Amino acid sequence: MNRRTLLKSATLLPLASATDGLITSAPSARKRSLRFAYLGDTHITPDSKPMESVAKCFQHAQSHADKPAFILHGGDVIMDALAKDRADVQKQWDAWNSVVKANNSLPIEYCIGNHDIWGFEEAKSDPSYGKKWAVDQMKIGNRYRSFDRNGWHFIILDSVQPKPDGKWYTGYIDQEQLDWLKQDLAKTGTKTPVLILSHIPIFSPTGFFSEKNVKDGAWTIPAALVLSNTPELLKLFYQYPNVKTALSGHMHLLDRVDYNGVMYLCNGAVCGDWWRNDTYQQTKAGYALIDLYDDGTLERTYLHYQ
Ligand SMILES: [Zn+2]
């Protein structure tokens, strides 16, 4: 190989790596549309460690010279409302609201997580039962929704569906929401870049982290870890090349899957190992800065705040 062919093959390298469908134009040509901070799985309690740590995380997220425009919360704001009485759940939301008030000046856009849903059996007739209380606390109006920000379309899904007994949940996008999602994507068209957020991942290898998910020599990943109607969602997204990314939390793990031009990102957890340890499996407690660009590309930087 002479110098000329060597140079030629060297210049081909970046082009070859750009064919994965993520980089649709030369990075120098793109302009950043928006920077936001993804915080998820804060699992706050009124105890001092979670309160101080979440405060620290908020301060860290706002300390960058290049500040995020808002915070996107991926769900599981509070430790757990599933089987707790009203007074206990109220204390957790109070802890969250007081930390936000004292430490955060950015707008927060929320997504519902499984631990935010009030499933206390004795409260079935209470109007706040189920997702209502979380929707009110998060001031989101509805359990799923969409909005536009700086040329990007954000779709926030409700991926957590309690089972009939109310004691446990499973992950899927219910029919009513699926119909809405199809309409929302059709309305948005195929040009505006779309970001999707669900608490439970749509597509993630993190279900493979535990050998508990192997039964009789076969992988059995429950829908509580990866949505049961993912195949349908993958087909839907394939019709929209402008669906660029799908973010999630829930697993407390950090991953990235690139599939059919969509970047699926699971974004760790602010609480790490539910405040027991700073690291869960191999992922350290943290949050992500996400930069969105006008050509539909994006970058994620996962940061440790402690
Ligand atoms: Zn969680």
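Asp66 is partly exposed, at 33% relative accessible area, where partly exposed covers the range between buried (under 20%) and exposed (over 50%), using a 1.4 Å probe and protein chains only. Its salt-bridge partner is Arg35, with the closest N and O atoms 3.5 Å apart; a salt bridge here is a side-chain nitrogen of Lys or Arg within 4 Å of a carboxyl oxygen of Asp or Glu. Arg35 itself counts as buried, at 14% relative accessibility. The two sit 31 residues apart, with Arg35 in strand S1 (residues 32-39) and Asp66 in the loop between helix H2 (48-62) and S2, so to speak linking distant parts of the chain. Helices (H or I, at least four residues) and strands (E, at least two) are DSSP runs, numbered from the N terminus.

A word on what you're looking at: this is a predicted model, in which local features need pLDDT of at least 70 and side-chain atom pairs count only at pLDDT 80 or more, while totals for chains, interfaces and linings use all residues. Residues are numbered from 1 along each chain as its sequence is written, and side-chain values use heavy atoms, with hydrogens and water left out.

Back to the charges. How many salt bridges does a search of the whole structure find? It finds 18. One of them pairs Asp174 with Arg143, the closest N and O atoms being 2.9 Å apart. Asp174 lies in the loop between strand S7 (169-171) and helix H5 (175-188), and Arg143 in the loop between helix H4 (132-138) and strand S4 (145-149), so this pair ties together parts that are 31 residues apart in sequence. Both Asp174 and Arg143 are buried. They also belong to a network of salt bridges that links Lys131, Arg143, Asp158, Asp174 and Glu176.

Asp76 sits in the loop between strand S2 (71-73) and helix H3 (86-103). Asp76 is buried yet has no salt bridge, and the nearest side chain of opposite charge, Arg276, is 12 Å away; for this count Lys and Arg are positive, Asp and Glu are negative, and His and the chain ends are left out. What does the side chain of Asp76 have within reach, then? A polar contact of 3.2 Å joins it to the side chain of His199, and one of its polar atoms lies 2.8 Å from the backbone nitrogen of His115. A polar contact is a pair of N or O atoms within 3.5 Å; within protein, one must be able to donate a hydrogen and the other to accept it, and residues adjacent in sequence count only if both atoms are side-chain atoms. Leaving aside neighbours within four places in sequence, Asp76 is in contact (heavy atoms within 4.5 Å) with residues including Asp41, His43, Asn114 and Asp116.Asp41 from that list is found in the loop between S1 and H2. Asp41 is buried, with a relative accessible area of 0%, and its phi is near 50 degrees, a positive value in a residue other than glycine. Asn150 also has a positive phi, near 45 degrees. Asn150 is in the loop between S4 and strand S5 (152-156) and counts as partly exposed, at 48% relative accessibility.

Next, two buried strand residues. Leu247, in strand S11 (residues 243-248), is buried with a relative accessible area of 1%. Beyond its neighbours within four places in sequence, Leu247 is in contact with residues including Phe36, Leu72, Ile196 and Ile290. Asp291 is in strand S16 (residues 287-293) and is buried at 5% relative accessible area. The side chain of Asp291 makes a polar contact of 3.2 Å with the side chain of Arg32.

Finally, the surface. Phe208, Val214, Trp219 and Ile221 form a nonpolar patch there, with about 350 Å² of accessible area together. Patches are made of residues with over 30% relative accessible area and no salt bridge, with like charges joined within 9 Å and nonpolar side chains (Val, Leu, Ile, Met, Phe, Trp, Tyr) within 5 Å; the areas come from the Shrake-Rupley method with a 1.4 Å probe, and for residues only the protein chains shown count as cover. Phe208 is in the loop between strand S8 (194-197) and strand S9 (214-215), and is partly exposed at 46%.
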